[in-house]
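Please keep the sequence and the model in view while reading.

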Amino acid sequence: MATPPLPVRNGVGPTRLRVPDDVETTVVEYLHRRFPHLGPDAVAQRINQGEIVAGDGTPIDHYTPASTHDFIWYYRSVPNEQPIPFDINVLHQDDDLVVADKPHFLPTTPGGQFLQETALVRLRNQLGIPDLVPLHRLDRATAGVLLFSPNPATRGAYQQLFEHRKITRQYQAVVHIPAPTQLYLERFPLTFRNRIIKVKGIITAEVEDYDVKDSGRIEAPRVGKRRRSHAPTTGPNAVTDITLLSHRTTDDGTLAHVALQPRTGRTHQLRIHLAALGHPILHDRFYPDLLEHTADDYARPLQLLADTLAFTDPLTHQSRLFTSQQMLSFAP
(Lines give C-alpha, C1' and ligand atoms only; values in the text may rest on other atoms or scores of the structure.)
Protein backbone atom coordinates (compact mmCIF):
# COMPACT_ATOMS: atom_id res chain seq x y z
CA MET A 1 0.00 0.00 0.00
CA ALA A 2 1.30 3.45 -0.93
CA THR A 3 2.11 5.97 1.81
CA PRO A 4 -0.98 8.16 2.39
CA PRO A 5 -0.41 11.78 1.32
CA LEU A 6 -2.81 13.01 4.04
CA PRO A 7 -2.14 12.73 7.79
CA VAL A 8 -4.29 10.95 10.37
CA ARG A 9 -7.01 13.37 11.48
CA ASN A 10 -9.10 12.90 14.63
CA GLY A 11 -7.77 9.36 14.81
CA VAL A 12 -8.88 8.56 11.24
CA GLY A 13 -6.48 7.91 8.39
CA PRO A 14 -7.35 8.80 4.78
CA THR A 15 -9.00 6.28 2.47
CA ARG A 16 -7.64 5.41 -0.97
CA LEU A 17 -10.11 5.17 -3.85
CA ARG A 18 -9.26 3.81 -7.28
CA VAL A 19 -10.57 5.83 -10.23
CA PRO A 20 -11.50 3.51 -13.14
CA ASP A 21 -9.68 4.03 -16.43
CA ASP A 22 -12.89 4.33 -18.45
CA VAL A 23 -14.39 7.28 -16.52
CA GLU A 24 -14.70 10.14 -19.02
CA THR A 25 -15.58 12.95 -16.65
CA THR A 26 -14.08 14.90 -13.76
CA VAL A 27 -13.10 13.48 -10.40
CA VAL A 28 -15.90 15.49 -8.80
CA GLU A 29 -18.55 14.04 -11.13
CA TYR A 30 -17.22 10.55 -10.48
CA LEU A 31 -17.51 11.11 -6.73
CA HIS A 32 -21.10 12.32 -7.16
CA ARG A 33 -21.96 9.10 -8.99
CA ARG A 34 -20.04 6.85 -6.57
CA PHE A 35 -21.34 8.50 -3.39
CA PRO A 36 -24.73 10.07 -4.19
CA HIS A 37 -25.61 10.24 -0.49
CA LEU A 38 -22.91 12.88 0.10
CA GLY A 39 -24.56 15.57 -2.00
CA PRO A 40 -22.79 18.21 -4.11
CA ASP A 41 -22.20 20.58 -1.20
CA ALA A 42 -20.32 17.98 0.84
CA VAL A 43 -18.01 17.12 -2.04
CA ALA A 44 -17.44 20.79 -2.88
CA GLN A 45 -16.58 21.56 0.73
CA ARG A 46 -13.97 18.79 0.84
CA ILE A 47 -12.48 19.97 -2.46
CA ASN A 48 -12.28 23.57 -1.19
CA GLN A 49 -10.61 22.44 2.06
CA GLY A 50 -8.00 20.37 0.23
CA GLU A 51 -9.29 17.09 1.70
CA ILE A 52 -9.34 15.21 -1.62
CA VAL A 53 -5.90 14.75 -3.18
CA ALA A 54 -4.04 12.61 -5.68
CA GLY A 55 -1.56 9.92 -4.68
CA ASP A 56 1.32 12.40 -4.78
CA GLY A 57 -0.57 14.91 -2.63
CA THR A 58 -1.65 17.13 -5.54
CA PRO A 59 -4.97 18.79 -4.61
CA ILE A 60 -8.00 17.82 -6.70
CA ASP A 61 -10.04 20.76 -7.97
CA HIS A 62 -13.52 20.96 -9.45
CA TYR A 63 -12.18 20.50 -12.99
CA THR A 64 -9.57 17.76 -12.56
CA PRO A 65 -10.22 15.04 -15.20
CA ALA A 66 -10.78 11.58 -13.73
CA SER A 67 -8.26 10.20 -16.22
CA THR A 68 -5.48 12.26 -14.63
CA HIS A 69 -5.05 10.04 -11.57
CA ASP A 70 -5.35 6.30 -10.92
CA PHE A 71 -6.10 6.85 -7.22
CA ILE A 72 -7.35 9.62 -4.99
CA TRP A 73 -7.29 9.95 -1.19
CA TYR A 74 -10.00 11.41 1.01
CA TYR A 75 -11.33 11.33 4.58
CA ARG A 76 -14.32 9.09 5.22
CA SER A 77 -17.15 10.39 7.36
CA VAL A 78 -20.13 8.68 8.97
CA PRO A 79 -23.13 10.96 9.52
CA ASN A 80 -24.98 10.58 12.83
CA GLU A 81 -22.66 7.85 14.12
CA GLN A 82 -24.18 6.37 17.25
CA PRO A 83 -21.96 6.12 20.36
CA ILE A 84 -21.24 2.66 21.77
CA PRO A 85 -21.69 2.94 25.56
CA PHE A 86 -18.67 0.90 26.68
CA ASP A 87 -15.10 1.96 27.43
CA ILE A 88 -11.97 0.39 26.00
CA ASN A 89 -9.33 -0.04 28.68
CA VAL A 90 -5.56 -0.10 28.22
CA LEU A 91 -3.93 -3.07 29.96
CA HIS A 92 -0.36 -2.21 28.96
CA GLN A 93 1.53 0.50 27.09
CA ASP A 94 5.17 0.96 26.17
CA ASP A 95 7.09 2.38 23.20
CA ASP A 96 6.52 -0.73 21.09
CA LEU A 97 3.25 -2.29 22.26
CA VAL A 98 -0.21 -1.26 23.38
CA VAL A 99 -2.54 -3.89 24.82
CA ALA A 100 -6.24 -3.04 25.11
CA ASP A 101 -9.29 -4.76 26.57
CA LYS A 102 -11.95 -4.33 23.87
CA PRO A 103 -15.61 -4.37 24.93
CA HIS A 104 -18.38 -6.18 23.11
CA PHE A 105 -20.01 -4.30 20.18
CA LEU A 106 -16.95 -2.11 19.44
CA PRO A 107 -15.31 -2.86 16.04
CA THR A 108 -11.53 -3.17 15.88
CA THR A 109 -11.13 -0.89 12.84
CA PRO A 110 -13.32 1.55 10.85
CA GLY A 111 -15.76 0.14 8.34
CA GLY A 112 -19.37 0.57 7.24
CA GLN A 113 -21.32 2.62 9.77
CA PHE A 114 -18.45 2.69 12.29
CA LEU A 115 -15.63 5.23 12.25
CA GLN A 116 -15.01 7.11 15.50
CA GLU A 117 -16.70 4.29 17.42
CA THR A 118 -13.92 1.77 16.81
CA ALA A 119 -11.11 0.49 19.01
CA LEU A 120 -8.41 1.87 16.71
CA VAL A 121 -9.74 5.43 16.42
CA ARG A 122 -10.68 5.65 20.09
CA LEU A 123 -7.19 4.59 21.16
CA ARG A 124 -5.42 6.87 18.68
CA ASN A 125 -7.33 9.82 20.14
CA GLN A 126 -7.15 8.63 23.75
CA LEU A 127 -3.39 7.98 23.68
CA GLY A 128 -2.39 10.63 21.14
CA ILE A 129 -0.69 8.06 18.87
CA PRO A 130 -1.67 8.62 15.20
CA ASP A 131 0.65 5.79 14.06
CA LEU A 132 -1.17 3.18 16.15
CA VAL A 133 -2.08 0.06 14.11
CA PRO A 134 -3.81 -3.18 15.22
CA LEU A 135 -1.65 -6.30 15.10
CA HIS A 136 -4.71 -8.56 14.79
CA ARG A 137 -8.49 -8.24 14.97
CA LEU A 138 -11.43 -9.34 17.05
CA ASP A 139 -14.99 -9.54 15.73
CA ARG A 140 -17.15 -6.59 16.71
CA ALA A 141 -19.28 -8.92 18.82
CA THR A 142 -16.27 -10.42 20.64
CA ALA A 143 -14.67 -8.79 23.68
CA GLY A 144 -11.16 -9.18 25.04
CA VAL A 145 -7.40 -8.71 24.64
CA LEU A 146 -6.26 -6.85 21.53
CA LEU A 147 -2.69 -5.88 20.57
CA PHE A 148 -1.64 -2.67 18.81
CA SER A 149 1.68 -1.41 17.49
CA PRO A 150 2.54 2.27 18.13
CA ASN A 151 5.99 2.06 16.52
CA PRO A 152 6.43 1.44 12.77
CA ALA A 153 10.11 0.55 13.32
CA THR A 154 9.32 -2.51 15.48
CA ARG A 155 5.90 -3.38 14.09
CA GLY A 156 7.16 -6.13 11.79
CA ALA A 157 8.66 -8.11 14.67
CA TYR A 158 5.28 -8.37 16.39
CA GLN A 159 3.42 -9.05 13.16
CA GLN A 160 5.65 -12.05 12.54
CA LEU A 161 4.46 -13.59 15.82
CA PHE A 162 0.99 -13.87 14.32
CA GLU A 163 2.22 -14.90 10.87
CA HIS A 164 4.29 -17.75 12.34
CA ARG A 165 1.65 -18.74 14.93
CA LYS A 166 3.86 -17.96 17.89
CA ILE A 167 0.97 -16.44 19.85
CA THR A 168 -1.03 -18.56 22.32
CA ARG A 169 -4.63 -17.38 22.67
CA GLN A 170 -7.32 -18.62 24.99
CA TYR A 171 -10.98 -17.68 24.84
CA GLN A 172 -13.97 -18.26 27.07
CA ALA A 173 -17.53 -18.80 25.92
CA VAL A 174 -20.94 -19.56 27.35
CA VAL A 175 -22.84 -22.11 25.29
CA HIS A 176 -26.26 -23.74 25.41
CA ILE A 177 -26.26 -27.53 25.65
CA PRO A 178 -29.57 -29.26 24.89
CA ALA A 179 -30.88 -32.30 26.74
CA PRO A 180 -29.75 -35.03 27.30
CA THR A 181 -27.12 -32.92 29.04
CA GLN A 182 -24.93 -35.68 30.48
CA LEU A 183 -24.27 -37.20 27.07
CA TYR A 184 -22.93 -33.91 25.79
CA LEU A 185 -20.94 -33.03 28.92
CA GLU A 186 -19.05 -36.32 28.72
CA ARG A 187 -17.50 -35.30 25.40
CA PHE A 188 -15.23 -32.72 27.07
CA PRO A 189 -12.32 -32.14 26.89
CA LEU A 190 -12.12 -32.50 23.11
CA THR A 191 -10.31 -31.29 20.03
CA PHE A 192 -12.52 -30.25 17.12
CA ARG A 193 -11.37 -30.12 13.50
CA ASN A 194 -13.09 -29.13 10.27
CA ARG A 195 -12.52 -27.16 7.09
CA ILE A 196 -13.74 -23.55 6.97
CA ILE A 197 -14.01 -21.50 3.78
CA LYS A 198 -14.58 -17.72 3.96
CA VAL A 199 -15.82 -16.14 0.74
CA LYS A 200 -15.31 -12.40 0.35
CA GLY A 201 -18.59 -10.49 0.44
CA ILE A 202 -20.50 -13.20 2.34
CA ILE A 203 -20.97 -12.41 6.03
CA THR A 204 -20.85 -15.98 7.31
CA ALA A 205 -18.19 -18.58 6.60
CA GLU A 206 -18.87 -21.89 4.87
CA VAL A 207 -17.96 -25.39 5.97
CA GLU A 208 -16.47 -27.86 3.52
CA ASP A 209 -18.92 -30.66 2.71
CA TYR A 210 -17.53 -33.66 4.57
CA ASP A 211 -18.09 -35.38 7.93
CA VAL A 212 -16.24 -34.40 11.07
CA LYS A 213 -16.04 -36.23 14.40
CA ASP A 214 -15.08 -34.91 17.80
CA SER A 215 -12.83 -37.13 19.91
CA GLY A 216 -13.92 -40.06 17.74
CA ARG A 217 -17.14 -40.51 19.71
CA ILE A 218 -20.02 -38.31 18.55
CA GLU A 219 -20.53 -37.21 14.99
CA ALA A 220 -20.74 -33.44 14.77
CA PRO A 221 -23.66 -31.88 12.88
CA ARG A 222 -22.76 -29.65 9.99
CA VAL A 223 -23.28 -25.92 10.31
CA GLY A 224 -23.53 -23.13 7.78
CA LYS A 225 -23.86 -23.28 4.05
CA ARG A 226 -21.76 -26.09 2.58
CA ARG A 227 -19.37 -25.20 -0.20
CA ARG A 228 -19.85 -27.30 -3.31
CA SER A 229 -16.66 -27.43 -5.30
CA HIS A 230 -14.93 -29.72 -7.76
CA ALA A 231 -11.61 -28.91 -6.10
CA PRO A 232 -10.27 -31.77 -3.97
CA THR A 233 -10.64 -31.47 -0.20
CA THR A 234 -7.26 -30.98 1.44
CA GLY A 235 -8.36 -31.79 4.98
CA PRO A 236 -9.17 -29.74 8.08
CA ASN A 237 -7.78 -26.22 8.26
CA ALA A 238 -9.37 -25.20 11.58
CA VAL A 239 -8.56 -26.83 14.94
CA THR A 240 -9.78 -25.89 18.44
CA ASP A 241 -9.17 -27.45 21.87
CA ILE A 242 -12.26 -27.15 24.09
CA THR A 243 -12.44 -27.69 27.88
CA LEU A 244 -15.46 -27.55 30.17
CA LEU A 245 -15.08 -25.08 33.09
CA SER A 246 -18.53 -25.21 34.72
CA HIS A 247 -22.20 -25.74 33.92
CA ARG A 248 -25.67 -24.98 35.26
CA THR A 249 -28.97 -26.69 34.47
CA THR A 250 -31.80 -24.56 33.06
CA ASP A 251 -35.39 -25.28 32.05
CA ASP A 252 -34.42 -26.09 28.44
CA GLY A 253 -31.01 -27.71 28.90
CA THR A 254 -27.72 -26.51 30.33
CA LEU A 255 -25.55 -23.40 30.18
CA ALA A 256 -21.90 -24.38 30.01
CA HIS A 257 -18.82 -22.21 30.50
CA VAL A 258 -16.01 -23.45 28.26
CA ALA A 259 -12.37 -22.56 27.60
CA LEU A 260 -11.24 -22.51 23.97
CA GLN A 261 -7.72 -22.63 22.63
CA PRO A 262 -7.61 -22.25 18.84
CA ARG A 263 -4.62 -23.80 17.12
CA THR A 264 -5.54 -21.98 13.90
CA GLY A 265 -7.11 -18.59 13.21
CA ARG A 266 -9.91 -18.97 10.68
CA THR A 267 -12.69 -16.38 10.43
CA HIS A 268 -15.46 -17.14 12.95
CA GLN A 269 -13.67 -20.39 13.82
CA LEU A 270 -14.79 -20.64 17.45
CA ARG A 271 -18.37 -19.68 16.69
CA ILE A 272 -18.54 -22.25 13.88
CA HIS A 273 -16.96 -25.05 15.91
CA LEU A 274 -19.26 -24.63 18.89
CA ALA A 275 -22.35 -24.39 16.71
CA ALA A 276 -21.24 -27.48 14.77
CA LEU A 277 -20.98 -29.37 18.03
CA GLY A 278 -24.58 -28.47 18.81
CA HIS A 279 -23.49 -25.95 21.47
CA PRO A 280 -23.98 -22.50 19.86
CA ILE A 281 -22.54 -19.55 21.74
CA LEU A 282 -25.22 -17.71 23.67
CA HIS A 283 -26.61 -14.74 21.71
CA ASP A 284 -24.78 -15.64 18.48
CA ARG A 285 -26.73 -14.11 15.58
CA PHE A 286 -24.58 -15.72 12.87
CA TYR A 287 -24.32 -19.41 13.76
CA PRO A 288 -25.87 -21.90 13.40
CA ASP A 289 -28.38 -19.63 11.59
CA LEU A 290 -27.91 -16.11 10.26
CA LEU A 291 -30.63 -14.06 11.94
CA GLU A 292 -32.21 -10.91 10.57
CA HIS A 293 -30.26 -7.75 11.33
CA THR A 294 -31.60 -5.78 14.29
CA ALA A 295 -30.32 -2.99 16.50
CA ASP A 296 -27.71 -3.99 19.07
CA ASP A 297 -29.12 -5.28 22.35
CA TYR A 298 -26.46 -4.20 24.84
CA ALA A 299 -27.99 -6.42 27.53
CA ARG A 300 -27.35 -9.56 25.43
CA PRO A 301 -23.74 -9.49 24.18
CA LEU A 302 -22.27 -12.48 22.39
CA GLN A 303 -20.86 -14.66 25.15
CA LEU A 304 -17.36 -14.91 23.70
CA LEU A 305 -14.28 -13.38 25.34
CA ALA A 306 -10.65 -13.34 24.18
CA ASP A 307 -9.43 -14.04 27.69
CA THR A 308 -5.63 -14.37 27.52
CA LEU A 309 -2.83 -13.83 25.04
CA ALA A 310 0.73 -15.08 25.62
CA PHE A 311 3.99 -14.95 23.63
CA THR A 312 7.73 -14.43 23.85
CA ASP A 313 8.47 -10.79 23.18
CA PRO A 314 10.58 -10.58 19.98
CA LEU A 315 12.46 -7.51 21.29
CA THR A 316 13.16 -8.42 24.93
CA HIS A 317 12.84 -12.23 24.56
CA GLN A 318 10.82 -12.24 27.79
CA SER A 319 7.53 -14.10 28.28
CA ARG A 320 4.47 -11.87 28.06
CA LEU A 321 0.98 -12.73 29.29
CA PHE A 322 -2.02 -10.42 29.08
CA THR A 323 -5.39 -11.22 30.62
CA SER A 324 -8.75 -9.53 30.07
CA GLN A 325 -10.35 -7.84 33.08
CA GLN A 326 -13.82 -8.60 31.71
CA MET A 327 -16.14 -11.47 32.58
CA LEU A 328 -18.90 -13.13 30.60
CA SER A 329 -22.12 -11.91 32.16
CA PHE A 330 -24.05 -15.14 31.53
CA ALA A 331 -21.35 -17.56 32.75
CA PRO A 332 -22.67 -20.13 35.26
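## Backbone features

Asn10 is placed in the segment before strand S1 (15–18), where strands (E, at least two residues) and helices (H or I, at least four) are DSSP runs numbered from the N terminus. Although Asn10 is not a glycine, its phi is positive, at about 55°. Asn10 is also exposed, with a relative accessible area of 54%; here exposed means over 50% relative accessible area, buried means under 20%, and partly exposed lies in between (1.4 Å probe, protein chains only). A positive phi of about 55° likewise occurs at Asn80, which is not a glycine; Asn80 lies in the loop between S3 and strand S4 (89–93) and is exposed, with a relative accessible area of 69%.

Which kind of peptide bond runs from Phe188 to Pro189, cis or trans? The bond is cis, with omega near -5°, and Pro189 sits in the loop between helix H5 (181–185) and strand S9 (190–194). Tyr287 and Pro288 are also joined by a cis peptide bond, with omega of about 5°, and Pro288 belongs to the loop between H6 and S17. As background to these features, most residues other than glycine have a negative phi, and most peptide bonds are trans.

## The model and its overall make-up

The model is a predicted one, in which local features need pLDDT of at least 70 and side-chain atom pairs count only at pLDDT 80 or more, while totals for chains, interfaces and linings use all residues. Residues are numbered from 1 along each chain as its sequence is written, and side-chain values use heavy atoms, with hydrogens and water left out.

The chain has six helices and 18 strands, and its C-alpha atoms fill a box of roughly 70 × 45 × 40 Å, taken along the principal axes. Of the 332 residues in the chain, 45% are buried. Among the contacts with a separation of 6 or more, 64% are between residues 24 or more positions apart, a contact being heavy atoms within 4.5 Å. The accessible surface of the chain comes to about 17300 Å², and 48% of that surface belongs to carbon and sulfur atoms; such areas come from the Shrake-Rupley method with a 1.4 Å probe.

## Charges and salt bridges

The chain carries 35 positive and 36 negative charges, whose mean positions are 5 Å apart; Lys and Arg count as positive and Asp and Glu as negative, while His and the chain ends are not counted. With a salt bridge taken as a side-chain nitrogen of Lys or Arg within 4 Å of a carboxyl oxygen of Asp or Glu, the count comes to nine salt bridges. One of them joins the side chains of Arg18 and Asp21 at 3.8 Å, N to O; Arg18 is partly exposed, at 46% relative accessibility, whereas Asp21 is exposed, with a relative accessible area of 61%. Another brings together the side chains of Glu117 and Arg122 at 2.6 Å, N to O, and here both residues count as buried, Glu117 at 14% relative accessibility and Arg122 at 16%.

Asp296 forms a salt bridge with Arg140, the closest N and O atoms being 2.9 Å apart. This pair links distant parts of the chain, 156 residues apart: Asp296 is in the loop between helix H6 (269–276) and strand S17 (304–312), and Arg140 is in the loop between strand S6 (133–134) and strand S7 (143–149). Both count as partly exposed, Asp296 at 30% relative accessibility and Arg140 with a relative accessible area of 25%. Elsewhere, salt bridges that share partners join Asp94, Asp313 and Arg320 into one network.

Methods
Charge placed at Lys NZ, Arg CZ, Asp CG, Glu CD.
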